[in-house]
Amino acid sequence: MVLSVMQYSQYYGQRNVDGYGAEVLAATQEEIDEVTSYFEWQAPELKIEFMQKVYAETVIGHRHDVWDIHTNRDRWWVITNPTNLYSQQQFPSMDLAVTFHMGLCLRIPRTGRQASNGRRVLPFGDVWNDLRAASAALGQAHNVADYQTIGVRCREVLLAFVAIAQDEHDWASEERPKRADFKAWAEIICNTALPGDSHKERRQLQKGLLTGAWTFTNWLTHAKSATWHDAETAVSTVEHAIGLATSLVIRLMRGVPDQCPECGSPHLRAEEGRRTDDMDILWERPRCNDCEWAGEAVPIDIEPLDDAEGLITREGGASDDEACSIMEVPLRGVRKPGDA
């Protein structure tokens, strides 16, 4: 029995899940259908008799939902983003399944990257890596040369931002400025992302932040009277300007409106999912929380952050066996969907 969203809400709204000590989470009909479709694709010989969303966790901006699924034979966890299923006989603890899934998410990009024709989830990841490096250098800065170097780092962060923005979006402009013409590109980005009289003040603020950060960091790179506080100001100002500008450009790339075109609600969320005919590509679209309006889906390509590679180091040759394996203790063996 797969419940409709109305039945789901009525049945699970105030019910505690055995062993979890928490209320079951609400789920939309689309979520139920997506998880059901995935499970039936993975285990066509099993029949779902009972399902519930029991937990959600957000890690580095990515939400992972945990579903408890009962079939005519056994029970399974289904964890999303990316979606995978785990036998509850092998993973009796939900925390163990979630921990294993998070580790899998970190390791998969090494050998299983998605097709390169999609958008990266974090196209500006390198910019933020460079900004963190500048912030770390601030703690070690002790003289004028150090402060000037931080100015150079901040200037490079700003240039990297407009360079990536040029590559990630087709900007409609009569004249295409030189790649390193920061002020000209800041003008194009703000005019395109915040057009019209209704965005006049927002546009002026964003331009002012970007051009002000550019002017100050250029001054700092040559300032003989630079102080540690000047370097700190440069890092903080660039971080603030780039943070707002990055959000602005990503919303433009993803086609996220200021408000729902159907009901006018400002309560929009990013919704991610995969198509059953191509599970390698992750798609994202804006959706309204109030009326469930959904925008056009955009393909996005998940790639690990540059500094994420250093979280796991490897020595020696890779294993010839590409099949999944699970530890024997405390587990007893590897089970596949449908095994007796």
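**Entry 1. Helices α7 and α8**

I began with two helices and found that the axes of α7 and α8 come within 9 Å and cross at roughly 145 degrees. For such values I took an axis as a line fitted to C-alpha atoms, for helices over the stretch in contact, with angles running from 0 to 180 degrees between N-to-C directions. I took helices (H or I, at least four residues) and strands (E, at least two) as DSSP runs, numbered from the N terminus. The model is predicted, and I noted that local features need pLDDT of at least 70 and side-chain atom pairs count only at pLDDT 80 or more, while totals for chains, interfaces and linings use all residues. Residues are numbered from 1 along each chain as its sequence is written, and side-chain values use heavy atoms, with hydrogens and water left out.

I recorded the crossing of α7 and α8 as left-handed. A crossing has this hand if the near helix is turned anticlockwise from the far one by less than a right angle, and is right-handed if clockwise. I then listed contacts, meaning heavy atoms within 4.5 Å. From α7, the residues that meet α8 include Leu209, Leu210, Ala213 and Phe216; on the α8 side, Val238, Ala241, Leu244 and Ala245 are among them. By class, I noted 13 nonpolar, 5 polar and 1 charged residues in the contact of α7 with α8. Here Ala, Val, Leu, Ile, Met, Phe, Trp, Tyr, Cys and Pro count as nonpolar, Asp, Glu, Lys and Arg as charged, and the others, Gly among them, as polar.

**Entry 2. Helices α5 and α7**

I next looked up α5 (residues 144–168) and α7 (residues 200–220), whose axes come within 7 Å and cross at roughly 145 degrees. The crossing of α5 with α7 is left-handed. In α5 I found Tyr147, Gln148, Gly151, Cys154, Arg155, Leu158 and Leu159 in the contact, and they meet Ala213, Trp214, Thr217, Asn218 and Leu220 of α7. The residues of this contact divide into 7 nonpolar, 4 polar and 1 charged.

I also checked Ala145, which is placed in helix α5. Ala145 is partly exposed, at a relative accessible area of 44%. For this scale, buried means under 20% relative accessible area, exposed over 50%, and partly exposed in between, with a 1.4 Å probe and protein chains only. Ala145 and Ala226 are 81 residues apart along the chain, and their C-alpha atoms are separated by 8.7 Å.

**Entry 3. Nonpolar cores**

I defined a nonpolar core as a set of buried Ala, Val, Leu, Ile, Met, Phe, Trp, Tyr and Cys residues joined through side-chain atoms within 4.5 Å. The largest core has 39 residues, of which Phe124, Phe161, Phe182 and Val238 touch the most other members. At least two residues of this core come from each of α4 (125–138), α5, α6 (182–193), α7 and α8 (228–254). I noted a second, separate core of 14 residues, with Ile32, Tyr38, Ile48 and Leu85 included.

**Entry 4**

I turned to the strands and found β3 and β4 paired in the antiparallel sense over 4 bridges. Two strands pair if DSSP finds at least two bridges between them. Ile79 stands opposite Asn84 in β4. The hairpin has 4 residues between its strands.

Asn81 lies in the loop between β3 (75–79) and β4 (84–87). Its phi is near 60 degrees, a positive value in a residue other than glycine. Asn81 is buried, with a relative accessible area of 12%. A cis peptide bond joins Asn81 and Pro82, with omega about -5 degrees. I noted for comparison that most residues other than glycine have a negative phi, and most peptide bonds are trans.

**Entry 5. Asp65**

I found Asp65 in strand β2 (residues 62–71). Asp65 is buried, with a relative accessible area of 8%. Leaving aside neighbours within four places in sequence, I listed its contacts as Glu31, Lys53, Tyr55, Ala56, Val78, Ile79 and Thr80.

**Entry 6. The hairpin of β6 and β7**

I recorded 7 bridges between the antiparallel strands β6 (residues 268–275) and β7 (residues 278–288). These strands form a hairpin with 2 residues between them. Glu271 has Arg285 in β7 as its bridge partner.

**Entry 7. The whole protein**

Of the 340 residues, 38% count as buried. Among contacts between residues at least 6 apart in sequence, 55% join residues at least 24 apart.
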